[in-house]
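Dear colleague,

Please find the structure below, handed over for your own work.

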There are 4 protein chains.
Amino acid sequence: MKTIKIGLVGTGYIGRCHAIAYAQAPTLFPLKGKIQLEYLAEINQALADQKAREFGFQRATDDWRKLVTDPNVDVVDICTPNFLHKEIALEAIKHGKHVYSEKPLALTAQDAKEMVIAAQQAGVKTLVGFNYIKNPTTQLARQIIQNGEIGEVVHFYGTHNEDYLANPNTPIDWHCYKAKAGLGTLGDLAAHIVSIAHYLVGSDIERVIGDMQTVIEERPSPHNPAEKIKVENEDQASSLIRFANGVMGTLESSRISCGRKMGLTYVVTGTKGTLSYTQERMAELKLYLHDDDKSRQGFKTILVGPEHPDYAAFCVSAGHGIGFNDQKAVEIRDLINGIAADDPMYPDFEEGYKISRVLEAIAKSAEEKRWVEVSEI
Amino acid sequence: MKTIKIGLVGTGYIGRCHAIAYAQAPTLFPLKGKIQLEYLAEINQALADQKAREFGFQRATDDWRKLVTDPNVDVVDICTPNFLHKEIALEAIKHGKHVYSEKPLALTAQDAKEMVIAAQQAGVKTLVGFNYIKNPTTQLARQIIQNGEIGEVVHFYGTHNEDYLANPNTPIDWHCYKAKAGLGTLGDLAAHIVSIAHYLVGSDIERVIGDMQTVIEERPSPHNPAEKIKVENEDQASSLIRFANGVMGTLESSRISCGRKMGLTYVVTGTKGTLSYTQERMAELKLYLHDDDKSRQGFKTILVGPEHPDYAAFCVSAGHGIGFNDQKAVEIRDLINGIAADDPMYPDFEEGYKISRVLEAIAKSAEEKRWVEVSEI
Amino acid sequence: MKTIKIGLVGTGYIGRCHAIAYAQAPTLFPLKGKIQLEYLAEINQALADQKAREFGFQRATDDWRKLVTDPNVDVVDICTPNFLHKEIALEAIKHGKHVYSEKPLALTAQDAKEMVIAAQQAGVKTLVGFNYIKNPTTQLARQIIQNGEIGEVVHFYGTHNEDYLANPNTPIDWHCYKAKAGLGTLGDLAAHIVSIAHYLVGSDIERVIGDMQTVIEERPSPHNPAEKIKVENEDQASSLIRFANGVMGTLESSRISCGRKMGLTYVVTGTKGTLSYTQERMAELKLYLHDDDKSRQGFKTILVGPEHPDYAAFCVSAGHGIGFNDQKAVEIRDLINGIAADDPMYPDFEEGYKISRVLEAIAKSAEEKRWVEVSEI
Amino acid sequence: MKTIKIGLVGTGYIGRCHAIAYAQAPTLFPLKGKIQLEYLAEINQALADQKAREFGFQRATDDWRKLVTDPNVDVVDICTPNFLHKEIALEAIKHGKHVYSEKPLALTAQDAKEMVIAAQQAGVKTLVGFNYIKNPTTQLARQIIQNGEIGEVVHFYGTHNEDYLANPNTPIDWHCYKAKAGLGTLGDLAAHIVSIAHYLVGSDIERVIGDMQTVIEERPSPHNPAEKIKVENEDQASSLIRFANGVMGTLESSRISCGRKMGLTYVVTGTKGTLSYTQERMAELKLYLHDDDKSRQGFKTILVGPEHPDYAAFCVSAGHGIGFNDQKAVEIRDLINGIAADDPMYPDFEEGYKISRVLEAIAKSAEEKRWVEVSEI
């Protein structure tokens, strides 16, 4: 069995999630490759060393350039702040590494496009960390839709709302600067719901008309609460959308949506039924079938179980629950099998780029107050 | 105590609801006027007589013109098919009657405007049957918002989705013809959520950009299933909206939304909290307050009770439940007190007209694929 | 059509509910008799007169004995405090009146038995106000069970929990005295869940072993908060039960169950499925069918609608909601049709007596710490 | 840092869960010891070798006696069928090993007692796999109770219902034989809810009166569906309970409870509030506080997050979800820290024995139809 040597760049919130997933994936799945946690990069050697110990990596560096050029690294796993994704990925690709990048792929669609082209030309494989589509429950949703159980899709409503910046006294951070984050809630959160929209509807978003607002226009400096600093990107955004197959839809996203801790939700309406889901109850899916006897119609709450995609890896009994990190373990499975056995890897940079275009089209349409074709981006 | 003599025109679905409400209102509320069920009009004398007996009206006629001119009628209560609202209302107003009309006020905003002007010139009082804002639970929502408990409103999401036309084999009916219904789901259902949006946000919708679709383009003739007849108005519609006070929002409506039996829902997000509601659980309101201790945050499910507006009229114990007809009883209370004691009556024709303008603006914006100011209508 | 002349004794909480139901029933249902609100009794003439006006009764008295002997009264409707039920009922029966009594039928099973015998001997008809079994949703539950849709019932779990005495500082009231209320939470609340248990399982409870507790042993006097008065009956009670058909079950009841405003709930488990319900969401029923495809199993939330028993009387559209008073209107329909057309009336005094026996058996078993046969009572 | 060498016996359902937890624990927690997956035993060498590879163990054997006597094993982790727990544990203890056993500790309380005594005498540390009390959400419940936030506990209702044997055509398996499983649903499922009852109420169950039933008295042979074999233990059981501190409660358990996939639920009622939980939504806890303003009372749904015990190890954002295996990882953390640093380990054999006594007391009380003191066992 092929050994896949991982080079991890960045060990914050999401880097740690990757580490957890690397640790559990081999026990969960019959992987087609052997994971070797080879190299880890952080901003200074001490932190790199500490994280390498914690995460079980063999070597550590304070220079990601060393990592991406290291002959003993097969995959570069990018968990840095967003603004670094592009530079690291391009450099890794240049050295023939496969690249596994966290979302968003880049700060702009143009940057994402360059990354797609570079990867294609270099013939490396790519994967982007839109992990919510790896949830067995959302995989089940897709299966139900593809089976035609809810008929033809006629409407998609999706949100990704959270409240991490709801308090106006929360000091400004990197999320609020264009140079660090690009878009605001669109880039940080809405990227996920666009990913799910594509995945579930099975068609790309083709045109959009959005609206957006920076509700809290300035925030305290983290260093001096009395000093106020301007927020550069949007707190909330909504968009009407049309998919290429004609399906209507609506997307909403907010980082100031009080009470939403993981408000990634979708309602997919078809000609014969409806699916409803919220990530805050990530192990259940509500399914309504209009052909049920009229006196026995209703939304059925399906608890995800071993009959459904990828759940059995976690537990042989239904309803026992899956957690956030389990999604990432599925993603790692796809990464390893994709590289070791050339299995398809999805969502790749191409899909990451498509998502960026949709998000930028929404922002553009909001600024220009008109419908925008995604192809304009 | 003044006696208020009611003339009811139309005894179908909603006319019967009015009759139920007239019957129970005097026991529920200490009304400021005495209800006299004076006169009832239907399309033929036999039906009129039968319904007068069932509903407890003293006299019956097959000619609504007789009713609206009858000196012994104080209020004309219009429960006919929508396309007749205008003609009957104008005639009633001409004869100095107060008018209580079911929604939508008219098939077009222009028609609604004529009705508003006529009523103003005649100095009669008006009320439109947007009964969902009379629900104690939604009254509580407004109270919470007006108290500032959720801070300043920053977002409104509302839907009115049902599935009465979800099955493509359901024969065509009056809802589907422009001449009978005007708009499709916008006129029939979305009118309610616009009414709630205005009521809760406390500001009028100022501009909109909508999208809409006739998903099931033709339906079987009710007389011959093999014959297909063209559906003339929209099955589903969505709109981004901006209120006059700058608040962002989204409205959605569908009559083919599988599984939604009474899918009137709203989520009102403020700077300090959020309210969430669905009419399918009309006796409960979910309230989240961001200032709660971080480890004790969450949506609280409040069961409506005697501490809340108008509930005590129905029951002295909380959580015992209120039903659809109870809302109408509150509306009848407002009608009687409005006419007997000149209490304010809301929503009046002016508000009905405003709602029509919003709906037409949505339709226009969908056709012209651009943002439309409600003032353009 | 026969006229049924009502004599109402007592106009408090539940008396007012009866009045609301009398007012709306004729519009809701095609009754087989005409309701005449003939006579009303209260503790003094002024109150009696006022309530007669409010409720629409023709005459009023401060002496219930006048009412029960009045030749112009067909049905005596007893809404007094519980300790008066027996005396009034026996007197009414003696004068050949039909009797419609609120629950509990009497303070003791022995008293209830006397009432049953008296009514049988006099040949009058009786009805007891266990209104929750009149809810269309619970009627639907019974229909599903009787159809065999959940197979054979194997377990019944039911509660009636409320929190009206949860606060230890709430002053003592009539509920807490044996002479006024008889049992505590068993008599006041559990009576309802026993009624539902019989109704749904279709078999009588045969033996019980209960446990009970007076958690708050004394309460402030209503006249002097510093003075503490002993609570004479139980705050919470639970019982294992066996039905005559062998089905196992558990009942729980509490009047100090924080957060339960209308905590009447049941879970009926069968060999092929399960029903789950809470009165706090009185318009929905959850149904699980084990024969569903394993990957599509789940509890389905059915919103009650016109396909279900008695709902169409309230609304022709599903999911529009029914309220507390609507149940009472169904009960009044049964009363009027029972007396006017000799339709069966259920639950009658016989059933009221059976329920009292179960409750007393639970209390006895708790005191004697042993299983008690209901037939011992 | 001390190295803790694990010897795992049994690799079925729960053994695999242990393996997953061993794999991820070091990345999740700053453990006080280093886990070394040393030795694994299965019923034949081929299976043992395969599982050792899958789970990452260094050595494998087909003879658990070799494992428990191996000088290079510190902890014996017992994941075998229940009937082997005792023998393996006693042998391990005899060789001075610490023992980590899955629940139930043994088939009988008497056996469990022997194990407790042996461990005490040998001075080894013990842990039993009642993993549900390791869930951050249930830890939060305990914290809320211990803080006095819901006042003094007055009632505990708990269930562990599943439906794995609901279908009467499911062939008989080891669960149904006394010699293999001991008690039926009591041993398999109710053990968990007893564990939670003790953990949350903070007092031991002192006396019980139970009822139980074998509903499906015989089942098809797995080898020949036409042949029916007698089921030897109970399908469903319920019990009234009293804790040592006087608190009343009720426990229910069933393995034929249609629709319950992970029906471990509890409602803990206090004098000032109530907690409600179901394992099927393992990341949320409902909290009601009676001292809230009367018009703002309600159950609040708290999504578990980094403010709560042990959640931050999994994710730094609230509401992102935890899964079944995450509980086991917390348990493994406790195991490693308990052995490496002598941190307290709970629940130990002593607690496992207490739980067995409660279960046996329930069975005995059901057979003898009387209240049984747990101390009688």
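In which loop of chain B does B:Asp342 lie? B:Asp342 lies in the loop between α9 (324-341) and α10 (349-368) of chain B; helices (H or I, at least four residues) and strands (E, at least two) are DSSP runs, numbered from the N terminus. Although B:Asp342 is not a glycine, its phi is positive, at about 55°. Most residues other than glycine have a negative phi, and most peptide bonds are trans.

Before the remaining findings, some conventions. This is a predicted model, in which local features need pLDDT of at least 70, side-chain atom pairs count only at pLDDT 80 or more, and totals for chains, interfaces and linings use all residues. Residues are numbered from 1 along each chain as its sequence is written, chains are lettered from A and ligands numbered from 1 in the order in which they are written, and side-chain values use heavy atoms, with hydrogens and water left out.

Cis peptide bonds

In chain A, the bond joining A:Tyr346 and A:Pro347 is cis, with omega about 0°. A:Pro347 belongs to the loop between α9 (324-341) and α10 of chain A. In chain D, the peptide bond from D:Tyr346 to D:Pro347 is likewise cis, with omega near 0°, and D:Pro347 is found in the loop between α9 (324-341) and α10 of chain D.

Helix packing

In chain A, helix α5 (residues 109-122) packs against helix α10 (residues 349-368) at an angle of about 165°, their axes being 9 Å apart. Axes are lines fitted to C-alpha atoms, for helices over the stretch in contact, and angles run from 0 to 180 degrees between N-to-C directions. α5(A) is therefore roughly antiparallel to α10(A) (angles under 35 degrees count as roughly parallel, over 145 as roughly antiparallel, 65 to 115 as roughly perpendicular and the rest as oblique). The residues of α5(A) that meet α10(A) include A:Met115 and A:Val116, and those on the side of α10(A) include A:Phe349 and A:Tyr353; contact means heavy atoms within 4.5 Å. By class, this contact of α5(A) with α10(A) has seven nonpolar, two polar and four charged residues (Ala, Val, Leu, Ile, Met, Phe, Trp, Tyr, Cys and Pro count as nonpolar, Asp, Glu, Lys and Arg as charged, and the others, Gly among them, as polar).

In chain D, helix α5 (residues 109-122) and helix α10 (residues 349-368) pack at an angle of about 165°, with axes 9 Å apart. α5(D) is therefore roughly antiparallel to α10(D).

Relations between chains

Two copies of a chain are related by a rotation about an axis and a shift along it. Copies are superposed by least squares on the C-alpha atoms of residues with pLDDT of at least 70 in both. The same surface serves both copies, as 100% of the contact residues of chain A recur in chain D.

Chain B can be laid on chain A with an RMSD of 0.0 Å by a turn of 180° and a shift of 0.0 Å along the axis. Here the C-alpha of chain B nearest the axis is that of B:Arg370, at 3.0 Å.

Yours sincerely
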